[in-house]
Amino acid sequence: MAETAKSGKERTVGIDLGTTLTKLAYVDHEGRPVIVPNAEGELLTPSVVVFTKSGILVGRDARREALADPARSVFNVKRQMGNPKWRFKVDGETYTPEAVSALILKKVIQDAEMHIGPIRRAVITVPAYFDDARRKATEDAGAIAGVEVLDIVNEPTASALAYGLTKAGDDGVILVYDLGGGTFDATVIEKKGNEFITLATDGDVELGGKDWDERLVNYLSDRFRKEFGDDPREDLQALAYLWISSEEAKKTLSRRDKTNVPVSYKGHWGNYEVTREEFESLTEDLLAVTQLTTEMVVEEAGLTWQGVARIIPTGGSTRMPMVQRLLERVSGKEVKAEVPVDESVAAGAAIHAAICVLHSDERMHELGAEAAERLGRIRTTDVAAHALGLIIKDAGTLQYRNDVLIPKNSRLPVSVMRTYGTAYDGQQRIILQVVQGDAPDPDANIIIGTADVTGLPAGRPAGALVRVTYSYDRKGRIHLTAEDQEAGELIATEITREAGLGPEEVSDQARRLSLKSIE
Ligand code: AMP
């Protein structure tokens with residue numbers, strides 16, 4: 001391993017860490033993205049982890065094993081990223097969402113290494129709408145998995161990159177409609193030559209294929225209960241089976257007009273026919289939410305549908321015919337996936353990873369000269385998916401309100417400065433509450449945490465000026481610096497986040513996980 005590291009032969013990859021499925025890709029000598037199969041020979045690895053009594057399973061085997069042991073299984077951990085309250089306890093051990101995600105990353109990395117050799121660095125994708133806490137949790141998951149996270153890239157930007165390198169990737173405005181297993185976002189991106197500029201983005205981190213499955217789970221359970229008087233949702237195992245058969249039925253309904261779903265519980269067997277029409281009417285309100293968001297994003301970008309040249313559907317759930325119909329109806333344009341909908345995000349992440357290496361002036365040994373030249377010219381610009389605000393006491397109303405410092409959809413990186421006067425003689429510390437969101441009511445926003453500006457020089461009178469700079473970096477992560485205006489010197493500042501792991505916790509969890517193997 002050390003030998004390979006010295007000769008620079010370790011790979012840099014892109015990973016689409018999805019709610020339901022995870023994919024890993026690299027770029028070949030010609031600069032083309034290639035999705036790497038896992039140990040089971042499949043390109044998509046279910047994001048499922050099961051802690052069996054004898055070891056840890058991830059992927060297809062975990063999905064199967066989860067049916068027998070749902071209490072030891074974790075599904076959809078992406079929905080918990082950035083949630084400080086969520087912990088999974090099993091066999092006396094406690095796992096954070098970051099640690100469970102790290103196990104999924106470890107599995108796809110170790111499997112890919114069998115095909116492409118050692119992997120040292122990765123770009124991991126996140127929904128554009130992920131806030132600071134969720135982005136940090138994703139970066140930490142990579143660190144816990146033992147990989148150097150080169151960058152975090154927005155899923156729609158990755159899709160646009162993958163798409164932009166195909167024949168159809170002409171210049172113009174692209175709308176990326178990304179409906180995956182657990183998240184949805186709509187993003188407007190302008191492609192101008194080698195530049196990909198995000199204009200606006202919005203979405204929902206709690207809307208995805210799972211919600212469509214859930215409607216079927218409830219519908220089938222209600223029918224079963226009506227027929228037999230028992231509810232399969234009462235039993236973890238029966239429910240786990242029902243989720244799987246509902247997802248399968250949903251996929252069948254993308255190809256066929258109707259399907260039959262068997263449901264069994266407490267010795268009863270039911271068999272229910274579901275038509276595509278019924279399924280679509282059960283879920284039309286979910287689709288309507290995506291329509292509203294999509295139309296709003298086009299408007300936020302300052303455009304109408306006429307100004308949108310192409311629509312890129314991405315994410316497995318865009319295979320549902322209702323999605324394609326919706327997009328064609330609202331846009332008046334033909335909608336075609338030029339890059340397979342499940343592969344574009346991982347493919348784009350691999351391209352972005354190559355671009356990061358090339359921009360850092362490092363040689364990328366696996367890339368040919370022509371491809372390096374071509375990819376090296378690409379530039380991407382993202383926007384802030386959430387406004388950044390500060391809670392202040394309004395001088396007029398004396399109520400607390402959110403003072404928006406950086407508006408939503410500002411181009412990244414972005415900084416804004418505010419100057420504060422100290423309130424009393426000798427004040428050495430200023431505490432600021434930082435939030436993401438643009439609602440005036442402080443409670444209607446995502447609380448990032450408290451920024452503590454400490455160590456202001458002693459003995460200053462009230463009104464001494466301190467200049468605070470708030471910024472979003474290119475990854476959409478928040479930073480804060482403060483400067484004593486009189487001395488022109490930086491003052492110590494620290495954001496104590498409501499959510500997220502400290503550096504020691506990250507290295508501690510990395511150490512713990514390095515001792516565990518995935519079967
Ligand atoms: P992704 O996170 O992009 O990999 O998308 C995964 C989601 O796509 C899951 O909810 C799947 O159930 C869903 N999905 C995959 N294939 C189909 C299909 N043929 N029809 C409907 N949904 C699908």
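A polar contact is taken here as a pair of N or O atoms within 3.5 Å, and the legends below describe close-up views of a predicted model.

View 1. A polar side-chain atom of Glu-247 is placed 2.5 Å from an oxygen atom of the ligand, and for Lys-23 the corresponding distance from a polar side-chain atom to a ligand oxygen is 2.8 Å. Taken on its own, the ligand has 500 Å² of accessible area, of which the protein covers 92%.

**View 2. The shell of residues around the ligand.** The shell holds 15 residues, and those that come nearest to the ligand are Lys-23, Glu-247, Lys-250, Ser-254 and Gly-316. Two elements, strand E2 (21-27) and helix H7 (236-255), each give two or more residues to this shell, and H7 gives the most, with four residues. By class, the shell is made up of eight polar, five charged and two nonpolar residues. Because domain 1 (1-166 + 338-383 + 500-519) and domain 2 (209-281) both give residues to the shell, the ligand lies between these two domains.

**View 3. The second largest pocket.** Helix H4 (132-144) and strand E23 (446-453) are the elements that give two or more residues to the lining, and at least three lining residues come from each of domain 1 (1-166 + 338-383 + 500-519) and domain 3 (388-487). Sorted by class, the lining of the second largest pocket has eight charged, seven nonpolar and three polar residues.

View 4. Most peptide bonds are trans. The bond that runs from Leu-412 to Pro-413, however, is cis, with an omega near -5°. Pro-413 itself belongs to the loop that lies between strand E20 (400-406) and strand E21 (414-421).

**View 5. A positive phi at Asn-76.** Most residues other than glycine have a negative phi. Asn-76, which is not a glycine, has instead a positive phi, with a value near 50°. The loop in which Asn-76 is found lies between strand E7 (73-74) and strand E8 (88-90).

Definitions and conventions: Residues are numbered from 1 along each chain as its sequence is written. This is a predicted model: local features need pLDDT of at least 70, side-chain atom pairs count only at pLDDT 80 or more; totals for chains, interfaces and linings use all residues. Side-chain values use heavy atoms; hydrogens and water are left out. A residue is near a molecule or strand if one of its heavy atoms lies within 4 Å of it. A polar contact is a pair of N or O atoms within 3.5 Å; within protein, one must be able to donate a hydrogen and the other to accept it, and residues adjacent in sequence count only if both atoms are side-chain atoms. Accessible areas come from the Shrake-Rupley method with a 1.4 Å probe; for residues, only the protein chains shown count as cover. Ala, Val, Leu, Ile, Met, Phe, Trp, Tyr, Cys and Pro count as nonpolar, Asp, Glu, Lys and Arg as charged, and the others, Gly among them, as polar. Domain bounds come from an automatic or database domain assignment.
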